[in-house]
Amino acid sequence: MESSGDAPFSKGAMVLVTLNTPREKFWGAVIDISPSGIAMRGIDLNSFEDFARLIKAGENATPASVFFPMHRVERIELDARHGDIPSLSERFENRTGQDFTTLSGFAAAVGASSPASGSRKRE
């Protein structure tokens, strides 16, 4: 699957992935999606509060880079606000004062691959 700047699930998009066998939820930024699976940088949703607490305390914590084969992926949804309910990204930023895409290195990578920068960075 080709990624474009307009595609909702392009590189750097914040998503929540529901997996099966075993059932898990993983939150983070898309590295790549292909017919074979999804690569992303993020955390198990069960660790969200602990991870946010570590970041807020200034601890050296980094999100994991993982690949999930498509046969395990049950659902992928954009991490977006639903009415008055904030997205997980907004909740993370409110708790820690940091943007997750910056923390995970996507803000720098997106800036480096923009046409205005004249260079292209690959992950």
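**Close-ups of the predicted model**

**View 1. Thr96 and what it touches.** Leaving aside residues up to four places away in sequence, Thr96 touches Ala52, Ile55 and Lys56; a contact here means heavy atoms within 4.5 Å. This is a predicted model, in which residues are numbered from 1 along each chain as its sequence is written, local features need pLDDT of at least 70, and side-chain atom pairs count only at pLDDT 80 or more. Totals for chains, interfaces and linings use all residues, while side-chain values use heavy atoms, with hydrogens and water left out. Thr96 sits in helix H2; helices (H or I, at least four residues) and strands (E, at least two) are DSSP runs, numbered from the N terminus. With a relative accessible area of 13%, Thr96 is buried. Buried means under 20% relative accessible area, exposed over 50%, and partly exposed in between (1.4 Å probe, protein chains only).

**View 2. The whole chain, for orientation.** Before going back to the details, here is the overall layout. You'll find 4 helices and 5 strands in the protein. Going from the N terminus on, the elements run β-β-β-α-β-β-α-α-α. The protein has 123 residues, and 36% of them count as buried. Of the contacts with a separation of 6 or more, 56% are between residues 24 or more positions apart.

**View 3. The buried face of helix H2.** Leu88, Ser89, Phe92 and Thr96 are the buried residues of H2. Look down the axis of H2 and these buried residues fall within an arc of 100 degrees, so they line one face of the helix. The arc is taken from the directions from the helix axis to the C-beta atoms. As for partners, the buried residues of H2 pack against S1, S2, H1 and helix H3 (100–103). Just after H2 comes Gly97, with a positive phi of about 80 degrees.

**View 4. The buried face of helix H1.** Here the buried residues are Phe48, Phe51, Ala52 and Ile55. Down the axis of H1, its buried residues fall within an arc of 100 degrees, so they line one face of the helix. An α-helix has 3.6 residues a turn, so residues three or four places apart point the same way. The buried residues of H1 pack against S2, strand S3 (37–44), H2 and H3. Two of the buried residues of H1, Ala52 and Ile55, are also among the residues that Thr96 touches. H1 is followed by Gly58, and its phi is positive, near 85 degrees.

**View 5. Aromatic rings, starting with Trp27 and Phe48.** Rings of Phe, Tyr and Trp (its six-membered ring) pair if their centres lie within 6.5 Å; planes under 30 degrees apart count as stacked, over 60 as edge-to-face and the rest as tilted. That rule gives a count of 8 aromatic pairs. In one of them, the ring centres of Trp27 and Phe48 lie 5.3 Å apart with the planes at 75 degrees, so the pair is edge-to-face. Trp27 belongs to strand S2 (residues 24–34) and Phe48 to helix H1 (residues 48–56), so the pair links distant parts of the chain, 21 residues apart. Both Trp27 and Phe48 are buried.

**View 6. A stacked pair, Phe51 with Phe92.** These two rings are 6.0 Å apart centre to centre, with 25 degrees between their planes, and form a stacked aromatic pair. Phe51 comes from helix H1 and Phe92 from helix H2 (residues 88–96), so the pair ties together parts that are 41 residues apart in sequence. Phe51 is buried, and Phe92 is buried too. Step back and you see a cluster: ring pairs link Trp27, Phe48, Phe51, Phe92 and Phe100.

**View 7. Val30 in strand S2.** Val30 is found in strand S2 and is buried, with a relative accessible area of 1%. The C-alpha atoms of Val30 and Phe9 are separated by 7.1 Å, although the two residues are 21 residues apart along the chain.

**View 8. The Thr21–Pro22 step.** Thr21 and Pro22 are joined by a cis peptide bond, with omega about -5 degrees. Pro22 has its place in the loop between strand S1 (14–19) and S2, and Thr21 lies in the loop between S1 and S2 as well. Though not a glycine, Thr21 has a positive phi of about 50 degrees. Is Thr21 buried or exposed? At 67% relative accessibility, Thr21 counts as exposed.
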